[in-house]
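Biologist: I've never looked at this one before. Can you walk me through it?

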Amino acid sequence: SFTIPLSYRNIEIAEDKGFDMQIPLQQIQVTLMGREKTISDLNRDDVVAYIDFAEVEEAGLVRLSVNVDTSGLLHLRPTFISPSTITVSVREAAEP
């Protein structure tokens with residue numbers, strides 16, 4: 001198991017749709033399954049947990065799924081992600 005920081009993707013897409021987000025700072029706990037050699041050589045920088053703001057379609061409290069990226073690592077997959085969703089406060093952006 002690893003505790004890793006939550007990162008954010010596609011914030012600019014939500015902003016282009018006219019939204020402002022209150023972005024949570026969060027730590028995510030991830031348990032991975034894979035080959036013993038791969039896991040023993042792993043460090044927390046190899047695993048990225050993120051939420052994708054491209055999924056935001058409306059203002060309000062929006063629940064976004066936490067995704068885990070292990071794309072650089074073969075034969076490895078997450079078996080546990082906590083929390084698995086993050087609630088983000090989304091509001092209409094004020095006009096400049």
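This is a predicted model: local features need pLDDT of at least 70, side-chain atom pairs count only at pLDDT 80 or more; totals for chains, interfaces and linings use all residues.

Biologist: How many bridges join S5 to S8?
Modeller: Six, and the strands run antiparallel. S5 covers residues 60-65, while S8 covers residues 85-92. Strands pair here if DSSP finds at least two bridges between them.

Biologist: And how many bridges are there between S2 and S8?
Modeller: Four, again in the antiparallel sense, with S2 being residues 19-22. Phenylalanine 19 stands opposite glutamate 92 of S8 there.

Biologist: In what order do these three strands sit in their sheet?
Modeller: S2-S8-S5, in an open sheet with antiparallel pairing. S2 and S5 each have a single partner strand, so one side of each has no neighbour in the sheet.

Biologist: OK, stepping back. How many helices and strands are in the protein?
Modeller: Two helices and eight strands. Both kinds are DSSP runs numbered from the N terminus: helices are H or I with at least four residues, strands are E with at least two. Along the sequence the pattern reads β-α-β-β-α-β-β-β-β-β. The C-alpha atoms fill a box of roughly 55 × 20 × 15 Å along the principal axes.

Biologist: What about the five strands of the other open sheet, what's their order?
Modeller: S6-S4-S1-S3-S7, with mixed pairing. S6 and S7 are the edges here; each has a single partner strand, so one side of each is left without a neighbour in the sheet. S3 (residues 27-34) and S7 are antiparallel and share six bridges. Glycine 34 has leucine 76 in S7 as its bridge partner.

Biologist: New topic: which residues have the most contacts inside the largest nonpolar core?
Modeller: Ile28, Ile51, Phe53 and Val88, in a core of 23 residues. A core is a set of buried Ala, Val, Leu, Ile, Met, Phe, Trp, Tyr and Cys residues joined through side-chain atoms within 4.5 Å. S1 (2-9), S2, S3, S4 (48-52), S5 and S8 each give two or more residues to this core. In soluble globular proteins, nonpolar side chains tend to be buried together.

Biologist: What does valine 88 touch?
Modeller: Not counting residues up to four places away in sequence, valine 88 touches a list of residues including Met21, Ile51, Phe53, Leu61 and Leu64. Contact means heavy atoms within 4.5 Å. Of the contacts in the protein with a separation of 6 or more, 70% are between residues 24 or more positions apart.

Biologist: And threonine 70, buried or exposed?
Modeller: Buried, because its relative accessible area is 10%. The cut-offs are under 20% for buried and over 50% for exposed, with partly exposed in between (1.4 Å probe, protein chains only). Of the 96 residues, 28% count as buried. Threonine 70 sits in the loop between S6 (67-69) and S7 (76-82), and beyond its neighbours within four places in sequence it contacts Leu32, Val47 and Leu76.

Biologist: Leucine 25, then: where does that lie?
Modeller: In the loop between S2 and S3. Leucine 25 counts as exposed, because its relative accessibility is 79%.

Biologist: What's the phi of asparagine 10?
Modeller: Positive, about 60 degrees, although asparagine 10 is not a glycine. Asparagine 10 is in the loop between S1 and helix H1 (11-16). With a relative accessible area of 26%, asparagine 10 is partly exposed.

Definitions and conventions: Residues are numbered from 1 along each chain as its sequence is written. Side-chain values use heavy atoms; hydrogens and water are left out.
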